[in-house]
Amino acid sequence: MRDGAHEDYVEYVAAKIPALRRLAYVLAGDPHRADDVVQQTITTLYVKWRRARTADNLDAYVRTMLVRTFLDEKRLAWARVRLFRELPEPPPFVDGGAEDRQVVRAALAEVPPRQRAVLVLRFFYDLPVEEVAAALGCSAGTVKSQTARGLATLRRLLGEREPALKN
């Protein structure tokens, strides 16, 4: 890269890494996978920097790249490889009177990736339907239906934990 493009890239990425890691962590539910998604995103961004930096909304452009990187990773064969025969036991739930962050995060990790991406962008990032549709490359109607399905799945998962809490 010439004419200050490299410095612009480094400055932009250094400023945005915390936000990118936060988004990736909420999507992936695992700090290691989140770091992998961010690394892949910023590597792709470096390759496409000349075009990316001319985007009307660079943050939205990079956020879209990150979400698509996360979704594409889930489609790859290696993403289905399990290192354990059985998943480790989840930590015991301590009733604090209200749903705490870890319970919601665990339930969100069970939601299918595309629905999870829609829920995170709509409710965690408070993006309007049209921006989420643009980020995911789908229609506004698809975002609405994925939101409804994702919320229904999340409610079901959180509801399944409730009877166990009362015992």
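**Aromatic contacts in a predicted model**

Y9, Y12, Y46 and W49 form one aromatic cluster. This is a predicted model, in which local features need pLDDT of at least 70, side-chain atom pairs count only at pLDDT 80 or more, and totals for chains, interfaces and linings use all residues. Residues are numbered from 1 along each chain as its sequence is written, and side-chain values use heavy atoms, with hydrogens and water left out.

Student: How many aromatic pairs are found in the whole structure?

Tutor: Rings of Phe, Tyr and Trp (its six-membered ring) pair if their centres lie within 6.5 Å; planes under 30 degrees apart count as stacked, over 60 as edge-to-face and the rest as tilted. By this rule, the number of aromatic pairs in the whole structure is 4.

Student: Which arrangement do Y9 and Y46 adopt?

Tutor: The ring centres of Y9 and Y46 are 4.9 Å apart. With 75° between the planes, the pair is edge-to-face.

Student: Why does the pair of Y9 and Y46 tie together separate parts of the sequence?

Tutor: Helices are DSSP runs (H or I, at least four residues), numbered from the N terminus. Y9 lies in helix α1 (residues 5-28) and Y46 in helix α2 (residues 31-47), so the parts tied together are apart in sequence by 37 residues.

Student: Is Y9 buried or exposed?

Tutor: Buried means under 20% relative accessible area, exposed over 50%, and partly exposed in between (1.4 Å probe, protein chains only). Y46, at 34%, counts as partly exposed. Y9 has 10% relative accessibility and therefore counts as buried.

Methods
Helices (H or I, at least four residues) and strands (E, at least two) are DSSP runs, numbered from the N terminus.
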